[in-house]
Amino acid sequence: MGKASPLLLLLLVLGFFFATYNFVTMIVHNRGLGAWESDGLDGMPLRRLSDSENGNVGTTESSNLLFHVALTATDSPYSKWQCRIMHYWYKKVKDMPGSSMGGFTRILHSGSPDNLMDEIPTFVVDPLPDGLDRGYVVLNRPWAFVQWLEKATIDEEYILMAEPDHVFVNPLPNLAQGGNPVAFPFFYIKPAQNEKIIRKFYPEEKGPVTDIDPIGNSPVIIKKSMLEKIAPTWMNVSLSMKDDRETDKAFGWVLEMYAYAVASALHRVQHILRKDFMLQPPWDLEVGKKFIIHYTYGCDYSLKGELTYGKIGEWRFDKRSYLRGPPPRNLSLPPPGVPESVVTLVKMVNEATANIPGWDDDRV
């Protein structure tokens with residue numbers, strides 16, 4: 001027998017770890033461990049676009065193929081109100097010219113149905129066993145995708161992995177090119193600067209650290225068949241990173257994002273990087289032709305329209321102000337001088353809340 005590959009050894013070690021939790025059979029689902037590496041991805045043409053190319057991608061064979069919009073969620077009021085706004089704007093732009101959106105699924109990893117089942121197409125999956133996420137709820141995301149991909153019927157060939165705090169601001173075409181998935185590059189995902197840690201999960205034999213994209217799993221448009229192969233590895237690497245004290249401390253809340261990037265590289269998949277995929281107020285000032293608003297950052301301004309980031313502003317919009325229930329309808333608009341991106345976001349939130357029936361039902 002030949003020498004086992006580093007990936008196979010990693011998976012075998014993780015298999016032993018998960019067996020401790022009586023969990024390995026759920027993750028592996030009778031897949032051959034060796035098949036995770038030799039799945040037809042080797043030899044696939046891989047290319048990352050430079051910044052200058054990002055806005056100039058021509059029509060490709062993928063441009064007319066529909067993608068399924070999928071996001072993971074919990075049954076908390078905080079997650080629910082974001083999902084409702086996200087789903088409202090999905091429905092609004094889905095059939096606009098230029099859109100390649102297909103179906104929509106909220107993957108609910110709370111283990112049981114909630115009160116949004118009739119409003120939002122939802123697939124219920126199990127959470128991780130008690131204690132395994134160690135308070136890091138995002139660790140449920142890859143496990144949720146593994147279950148959904150195994151059990152659900154998904155008609156589209158491509159999948160957009162999205163998040164509750166995404167708002168579709170322009171119709172989104174299928175940006176993937178042929179077999180190449182597309183992703184948004186995050187400035188704070190820096191594999192090369194964390195090489196010592198990355199090498200615990202991506203050995204030198206696999207290639208240079210620069211093979212690992214500066215991305216998370218969302219937003220990503222990817223072939224369903226490709227994600228089916230990456231997802232179990234993403235799951236295993238996430239749990240292994242969380243179990244490693246040094247890695248957990250270094251990566252913190254973006255650990256699962258690094259895990260997806262590493263898992264993709266282990267399958268020799270690189271993503272086309274598109275900065276126009278998404279904008280993030282208040283740092284991105286204009287909407288332009290970008291497709292998704294990601295409102296993860298708080299927006300704090302003085303009444304003169306001056307950004308006061310890090311200090312609560314006289315005017316503010318921060319999703320974390322509404323942890324226990326949805327924001328009220330008809331939020332006040334930003335003062336004059338605030339960037340277009342922030343104004344657009346608040347207007348879109350207000351439109352959604354004005355039109356979603358029973359908006360205040362989850363208010364505590």
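Histidine 294 counts as buried, at 5% relative accessibility (buried means under 20% relative accessible area, exposed over 50% and partly exposed in between, with a 1.4 Å probe and protein chains only). This residue sits in strand β10, residues 292–294; helices (H or I, at least four residues) and strands (E, at least two) are DSSP runs, numbered from the N terminus. Apart from neighbours within four places in sequence, histidine 294 is in contact with Glu163, Asp165, His166, Met278, Leu279, Gln280 and Pro281, where contact means heavy atoms within 4.5 Å. The model is a predicted one, in which local features need pLDDT of at least 70 and side-chain atom pairs count only at pLDDT 80 or more, while totals for chains, interfaces and linings use all residues. Residues are numbered from 1 along each chain as its sequence is written, and side-chain values use heavy atoms, with hydrogens and water left out.

Turning to the aromatic residues, the structure holds 17 aromatic pairs. Rings of Phe, Tyr and Trp (its six-membered ring) pair if their centres lie within 6.5 Å; planes under 30 degrees apart count as stacked, over 60 as edge-to-face and the rest as tilted. Tryptophan 283 and tyrosine 309 make an edge-to-face pair, because their ring centres are 4.8 Å apart and their planes stand at 65°. Tryptophan 283 belongs to the loop between β9 (278–279) and β10, and tyrosine 309 to the loop between β11 (299–301) and β12 (315–317), so this pair ties together parts that are 26 residues apart in sequence. Tryptophan 283 is partly exposed, at 44% relative accessible area, and tyrosine 309 is partly exposed at 43%.

Another pair, tyrosine 301 with tryptophan 315, is tilted, with 6.4 Å from centre to centre and 50° between the planes. Tyrosine 301 lies in strand β11 and tryptophan 315 in strand β12, so the two tie together parts that are 14 residues apart in sequence. Both tyrosine 301 and tryptophan 315 are buried. Elsewhere, one aromatic cluster is formed by Tyr78, Trp81, Tyr295, Phe317 and Tyr322.

The axes of helix α6 (residues 224–243) and helix α8 (residues 255–266) come within 8 Å and cross at roughly 130°; axes are lines fitted to C-alpha atoms, for helices over the stretch in contact, and angles run from 0 to 180 degrees between N-to-C directions. This makes α6 oblique to α8, since angles under 35 degrees count as roughly parallel, over 145 as roughly antiparallel, 65 to 115 as roughly perpendicular and the rest as oblique.
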